[in-house]
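Let's go through this model together and ask what lies behind the words we use for it.

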Amino acid sequence: MSPPSSPTPSPSPTPSATPAIRLLLCDDHAVVRAGLRALLASTDGIEVVGEAGSGEEALAMAARLRPDVVLMDLQLGEGMDGVTATRRLVSGDPPAPRVLVLTMFDTDADITRAIEAGATGYLLKAERPEELFAAIRNAASGRTALSAPVADRVLARMRSPRPGLSERERDILRQLARGLGNREIARALFISEATVKTHLGRIYGKLGVETRAGAVAVATERRLLP
């Protein structure tokens with residue numbers, strides 16, 4: 001009589017593959033979006049699920065596609081800019097996507113506005129592909145991703161914070177926000193145009209901007225205006 005045969009062992013379960021990171025591109029230049037899509041197709045684990053050419057389109061597509069990460073340009077032509085779109089994306093209904101800024105601009109004002117709006121990372125378009133791929137993966141995991149030049153500027157700013165605005169500088173900022181020119185501001189505040197120009201130079205330096213519009217935008221972001 002033959003001995004009973006041993007039961008055949010069940011095959012070990014195959015571990016499930018890690019889902020690809022769902023990525024939404026947002027850039028107002030179709031050529032840039034096409035280049036990024038082609039570049040990202042060369043790496044594993046990242047799936048481009050959509051392309052948006054404006055901030056408004058990015059919000060609508062993110063609500064429908066539920067990406068893990070949105071790769072966001074800052075300058076988006078007419079309409080909503082990248083900072084406003086970032087703020088609305090990260091404050092939307094959960095699960096909100098991570099926003100990774102990819103831009104040509106590295107001014108203190110741009111970096112500050114993007115990070116304060118809730119961006120997980122800030123990259124420059126000059127980055128090598130490998131650094132972009134790593135940044136996307138870091139962003140998807142909730143880790144901060146900064147280009148080396150951007151990280152240097154952030155650290156320098158933290159080590160040497162700019163002084164706060166004086167009350168007179170705040171007065172001038174409020175007039176700027178109303179759209180007044182130097183002569184009108186001088187009349188409203190009973191000071192000379194030369195004094196207005198001097199204060200504007202100090203305001204620009206403290207806010208890290210170079211234009212009147214930039215000063216108003218940063219002041220609004222930091223809630224320096226009523």
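Q: In this predicted model, which residues on the other side of helix 1 are exposed?
A: Val31 and Ala38 are exposed there, and that word calls for over 50% relative accessible area.

Q: Which residues of helix 1 are buried?
A: In helix 1, residues 30-40, they are Arg33, Leu36 and Leu40. The word buried asks for under 20% relative accessible area.

Q: How do you know that the buried residues line one face of helix 1?
A: Look down the helix axis: the buried residues of helix 1 fall within an arc of 65°, so they line one face.

Q: What covers the buried residues of helix 1?
A: The cover includes strand 1 (21-26), strand 2 (46-52), strand 3 (69-72), strand 4 (98-103) and helix 5 (129-140).

Q: Why is threonine 43 called buried?
A: Its relative accessible area is 14%, and the cut-off is under 20%, so threonine 43 counts as buried. You will find threonine 43 in the loop between helix 1 and strand 2. Leaving aside neighbours within four places in sequence, threonine 43 is in contact with Phe133 and Arg137.

Q: What makes helix 7 oblique to helix 8?
A: Helix 7 (residues 167-177) and helix 8 (residues 182-189) pack at an angle of about 125°, with their axes 10 Å apart. Roughly perpendicular covers 65 to 115 degrees and roughly antiparallel begins over 145, so helix 7 is oblique to helix 8. The crossing of the two, helix 7 and helix 8, is right-handed.

Q: Which residues make the contact between helix 7 and helix 8?
A: Helix 7 brings Arg168, Asp171, Ile172, Gln175 and Leu176, while helix 8 brings Ile185, Ala188 and Leu189. By class, this contact has five nonpolar, one polar and two charged residues.

Q: Why is arginine 66 called partly exposed?
A: Its relative accessibility is 38%. Buried needs under 20% and exposed over 50%, so arginine 66 counts as partly exposed. Arginine 66 sits in the loop between helix 2 (55-65) and strand 3, and has a positive phi of about 50° although it is not a glycine.

Q: What makes phenylalanine 190 exposed?
A: Phenylalanine 190 has 75% relative accessibility, so it counts as exposed, the cut-off being over 50%. Phenylalanine 190 lies in the loop between helix 8 and helix 9 (193-207), and its phi is near 60°, a positive value in a residue other than glycine. As a general point, most residues other than glycine have a negative phi.

Key. Residues are numbered from 1 along each chain as its sequence is written. This is a predicted model: local features need pLDDT of at least 70, side-chain atom pairs count only at pLDDT 80 or more; totals for chains, interfaces and linings use all residues. Side-chain values use heavy atoms; hydrogens and water are left out. Buried means under 20% relative accessible area, exposed over 50%, partly exposed in between (1.4 Å probe, protein chains only). Helices (H or I, at least four residues) and strands (E, at least two) are DSSP runs, numbered from the N terminus. The arc is that of the directions from the helix axis to the C-beta atoms. Contact means heavy atoms within 4.5 Å. Axes are lines fitted to C-alpha atoms, for helices over the stretch in contact, and angles run from 0 to 180 degrees between N-to-C directions. Angles under 35 degrees count as roughly parallel, over 145 as roughly antiparallel, 65 to 115 as roughly perpendicular and the rest as oblique. A crossing is left-handed if the near helix is turned anticlockwise from the far one by less than a right angle, and right-handed if clockwise. Ala, Val, Leu, Ile, Met, Phe, Trp, Tyr, Cys and Pro count as nonpolar, Asp, Glu, Lys and Arg as charged, and the others, Gly among them, as polar.
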